[in-house]
Amino acid sequence: MKKHFHIKVNGIVQGVGFRPFIYRLALENNIKGYVLNDTEGVTIEAEGEEEALEKFIKAIKKKSPPLAIVQEIKIEERKINHFKNFWIEKSKATDKKTTFIPPDTNICKDCLREFFDPKNRRYHYPFIVCTYCGPRFSIVKDIPYDRDNTAMAEFSMCPFCQKEYEDPLDRRFHTQPTACPVCGPHLFLYKNDKTLISEDIEEIVKKVYKYLKAGHIIAIKGVGGYHLACDATNEEAVLKLRERKRRPFKPFALMTGFIEKIEEFLNVSPKEREILLSKERPIVILKEKKSQVSKYVAPDLTYIGIMLPYTPFQYLLFSLDKDLILVMTSGNLSDEPICFRDEEAFERLGHIADYFVTYNREIVAHSDDSVIFVINEKSFFIRRSKGFVPTPILVKKNFQFIFLLLEEILKTPLLLPRIM
Ligand SMILES: [Zn+2]
Ligand SMILES: [Zn+2]
């Protein structure tokens, strides 16, 4: 018998390819109706045979996209509407704003393959992204999660991107931040006096590598803010960064291109390896095995914080030299918040960095790299930020105040989902 269900799904269901997933699922099960994003999550009107509807709902729970977290599904039966097909309806704002924005994630395997494929039209394009990867939290201004509510609003899609965006079988079907070299944001290389050096990605990456090897300090705009980078094996460069940043002792985080390189000079347990390679890409604190970097990276310490690349530009930079180890510390003066606005960056970091790699897209919500420490193969957060915020840690309401209190004491966005 035919039925009509009104289905509401809550959790992290926007910005993770949930509507395309529902669309495909509806076609598979011969369900008619529509799906839409609203400020509470995703709403589905589904009409079909009772058995098909059951299968459809089960699959929503079981087969949801990798970055999605389904927290709750509410189902109500409604009067038959005789929908003729299934479509993605325009997003709607409701009175309640309770949906969650997904965190920023590492570039995925498929995008990485395209990024390094000279035949692909996004070859070496640093803003390559798909439904399953890339920036989210850092570019979202409001919910529902639509391009107009993100920092991508000012870039209109070219016909090629538009075609992918509208094709249900494409990996970029309804990928809000999708872009390409023709229509999306671009990188720029500046001297610290704001003189433009280059807008060409091939030239930028080669010059940045050359500057780093020559001992210069570079401010690089990343996902949640600016990093200050220098060659970690160059004693003079690391010392210069310490002096300019007015940070005499606090250890600097490192980045290197490959897990094998990390294993060369730091001890890595299976759990630590798994976390280093995870899509959240946090800094992991590891014990030094062999001295390969300047002693000024972590003065008097035998532990070093290190992470693997997560933005396309970082991958490109490290692809030039498999032995490259960089200091990648957050772009700020000691004890100031991370710098994430371009105007501010030149003012605040101009006397620290010799060069700036920046891009013409706004960072809406800033974040630092997360930091994790592993004891007995159990992981502990030292800082819970990029890659994890704003994913909520679900706790009973009564306990929430304890976490709020902790967050206040630690002065770090520990657990709070961005409920708007
Ligand atoms: Zn991807
Ligand atoms: Zn395009």
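User: Why does F83 count as buried?

Analyst: This is a predicted model. F83 has 15% relative accessibility, and buried means under 20%, so F83 counts as buried.

User: What makes W87 partly exposed?

Analyst: W87 stands at 29% relative accessibility.

User: Why is the pair of F83 and W87 called edge-to-face?

Analyst: The ring centres of F83 and W87 are 5.9 Å apart, and rings pair if their centres lie within 6.5 Å. The planes of F83 and W87 meet at 75°; over 60 degrees counts as edge-to-face, so that is the name for this pair.

User: What makes F127 and Y359 an edge-to-face pair?

Analyst: For F127 and Y359 the values are 5.0 Å centre to centre and 70° between the planes. The limits are within 6.5 Å for pairing and over 60 degrees for edge-to-face, and the pair of F127 and Y359 is edge-to-face. The rule counts 16 aromatic pairs.

User: How do you know that domain 2 and domain 3 are in contact?

Analyst: Contact means heavy atoms within 4.5 Å, and by that rule 14 residues of domain 2 are in contact with 13 residues of domain 3. The area buried between domain 2 and domain 3 is about 1,200 Å², with 73% from carbon and sulfur atoms. N106, H124 and P126 supply 42% of the area that domain 2 buries against domain 3.

Definitions and conventions. Residues numbered from 1 in each chain as written. Chains lettered and ligands numbered in written order. Predicted model: local features only at pLDDT ≥ 70, side-chain atom pairs only at ≥ 80, totals over all residues. Heavy atoms only, no water. Buried area = accessible area lost by both parts, 1.4 Å probe. Phe/Tyr/Trp six-rings, centres within 6.5 Å; stacked < 30°, edge-to-face > 60°. Buried < 20%, exposed > 50% of the residue type's maximum accessible area, 1.4 Å probe, protein only.
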